[in-house]
Amino acid sequence: MLMGPGSTGPLNARLIAAAYRDEQEATDKVLRLGSAIDAYLFASPVPYEFARKAGVLTMPATYVPLGGASLHEALLRATLDERLDPTRASLDVLGRTDVVEAYSEVDLPIDGIHVHEELTSTAQLTSFHEGLWRRKVTKMAITCVRGVAERLEAIGVPAMRLRPTNAGVRSALQTAGLLGAHHRLEEAQLGVVIVDVPTLRDSTRRSTPRYWRDELRLALHRLLLQEAHRINATAHPVDDHTFMITATRGSLVSATEGFRQPPFVERIKAELGIAIEVGIGMGRTTQDAETHARAALSRAQATRQSFAVDREGRSLVPAQRAPQRQQNPEPLRTKGRETLLRLSEKIAEEEGPLVVDAENAGRMLGVTPRTARRLLRTLVEEGLAWPLPPNRTLQPGRPRQLYRLIIEKIDKDKAGK
């Protein structure tokens, strides 16, 4: 930490310490830090490997290397100690290629060295070193793991723990700073979200009043503006059934849980009772990002999988697939669908609009407005209708609540049969 603003010039970053007693605790430290940082810098490859294998690294990460200069320094110390013989040694964690290279650079023979490259438990690494030493195959151990060094010393095995050099620490700090800066640039790259509303698109082929479509479009635009403001983005309509949100990759990461869940879908379904389709694209310009977003939308509509692509046109992390619902062999027998079927038949007889209120629905069903209001709410809960903004009038009293009936669901059920 003290070497951050060192002699090589101040590091353009704020350092946050996460100390631990054992390297395996690094995983928990990463989880505690969360997304509050731009890059991880581990003290050695050991905690880095533990965190990587645990799958908790969601940001760029690097570590202070223990090969190269650190291994040279250890070999020099071992050579100056008459009790140690680095030509007959066991080493762990480091790659054999790096070890052979370091030995060759200081003109030491490699015939007597034994390398355990894989990072395993402290007990297994200790057993590796101890077994070779007790069979007199080696005379010392060189380890990257603090716990291994402590255990070997306790049982009398000559051991040396690799330590990072000052130059290695400074180099790793600069590397981490570059990774963090690059991550910031990635987060700031332009992103576009295309929101398509199938219901509005399909309704243009039906003889439905235009005013209810306008009311729904205004309500949807208002909701998207709220969501866009929450992630520091902008939203505007493109045509009768499409909206575009312009944002940054960083804001979209938080809104999509790392591009695993399409944005805005749940809230729009909950508040307006309609489904939307979403495509996200990155790009160097708004035009490129919009092109990629439309391609992602088409791909999502066709495959129901990836809904986001990067600025090169490649798929980002695919959305988690929703569990498949059990097929209902008789879909029209639910209470909501029976109500919708009866209303659709009455509307067809009267050639009326697909927008009703409690009073009109009650008249068609032969029930009181209060009962009709409850039935209409059931339709909303089952996704068979959506509530439109209240109809504002100059008359006193509660404004009429209008509902648009989604009789397309009945058409699909009939087509399926």
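**Exercise 1. Determine how many of the residues of α2 are buried, and identify what covers them.**

Step 1. In this predicted model, helix α2 is mostly covered, with seven of its ten residues buried. Buried means under 20% relative accessible area, with exposed over 50% and partly exposed in between (1.4 Å probe, protein chains only). Helices (H or I, at least four residues) and strands (E, at least two) are DSSP runs, numbered from the N terminus.

Step 2. The buried set consists of Pro45, Val46, Pro47, Tyr48, Glu49, Phe50 and Ala51.

Step 3. These residues pack against α1 (26–33), β1 (40–42) and β2 (61–63), where contact means heavy atoms within 4.5 Å.

Step 4. After α2 comes Gly55, which has a positive phi near 75 degrees.

Two conventions apply throughout. Residues are numbered from 1 along each chain as its sequence is written. Because the model is predicted, local features need pLDDT of at least 70 and side-chain atom pairs count only at pLDDT 80 or more, while totals for chains, interfaces and linings use all residues; side-chain values use heavy atoms, with hydrogens and water left out.

**Exercise 2. Locate the largest cavity and classify its lining.**

Step 1. A cavity is a set of points, on a 1 Å grid over the protein atoms alone, where a 1.4 Å probe fits but cannot get out; lining residues have an atom within 4 Å of a point.

Step 2. The largest cavity holds about 50 Å³ of space. Here grid points are joined across faces, edges and corners, and a volume is the space filled by probe spheres set on the points.

Step 3. Its lining includes Asp22, Val46, Phe50, Leu125 and Val145. The elements giving two or more residues to this lining are α2 (45–54) and α5 (122–134).

Step 4. By class, the lining comprises five nonpolar, four polar and two charged residues. Ala, Val, Leu, Ile, Met, Phe, Trp, Tyr, Cys and Pro count as nonpolar, Asp, Glu, Lys and Arg as charged, and the others, Gly among them, as polar.

**Exercise 3. Describe the largest nonpolar core and the elements that supply it.**

Step 1. This core has 37 residues, and those with the most contacts inside it are Ile245, Phe264, Ile268 and Ile280. A nonpolar core is a set of buried Ala, Val, Leu, Ile, Met, Phe, Trp, Tyr and Cys residues joined through side-chain atoms within 4.5 Å.

Step 2. Elements that each supply at least two core residues include β7 (190–196), β9 (242–248) and α11 (265–272). The greatest contribution, seven residues, comes from α9.

Step 3. Leaving aside residues up to four places away in sequence, Phe264 touches Val193, Val195, Leu224, Glu227, Ile231, Ile245 and Ile276.

Step 4. A second, separate core of 31 residues includes Val46, Phe50, Leu75 and Leu162.

**Exercise 4. Trace the pairing of β8 with β9, and then the sheet that contains β14.**

Step 1. Strand β8 (residues 234–239) runs antiparallel to β9, joined by five bridges; two strands pair if DSSP finds at least two bridges between them. A hairpin of two residues connects β8 to β9.

Step 2. The bridge partner of Ala235 is Ile245 in β9.

Step 3. Elsewhere, three strands form an open antiparallel sheet in the order β12-β14-β13. Its edge strands, β12 (355–356) and β13 (385–387), each pair on one side only.

Step 4. Three bridges link β13 to β14 (residues 403–405) in the antiparallel sense, and Trp386 stands opposite Arg404 in β14.

Definitions and conventions. 1 Å grid on protein atoms, 1.4 Å probe; cavity = no way out; pocket = protein on both sides within 12 Å on 5 of 7 lines; lining within 4 Å.
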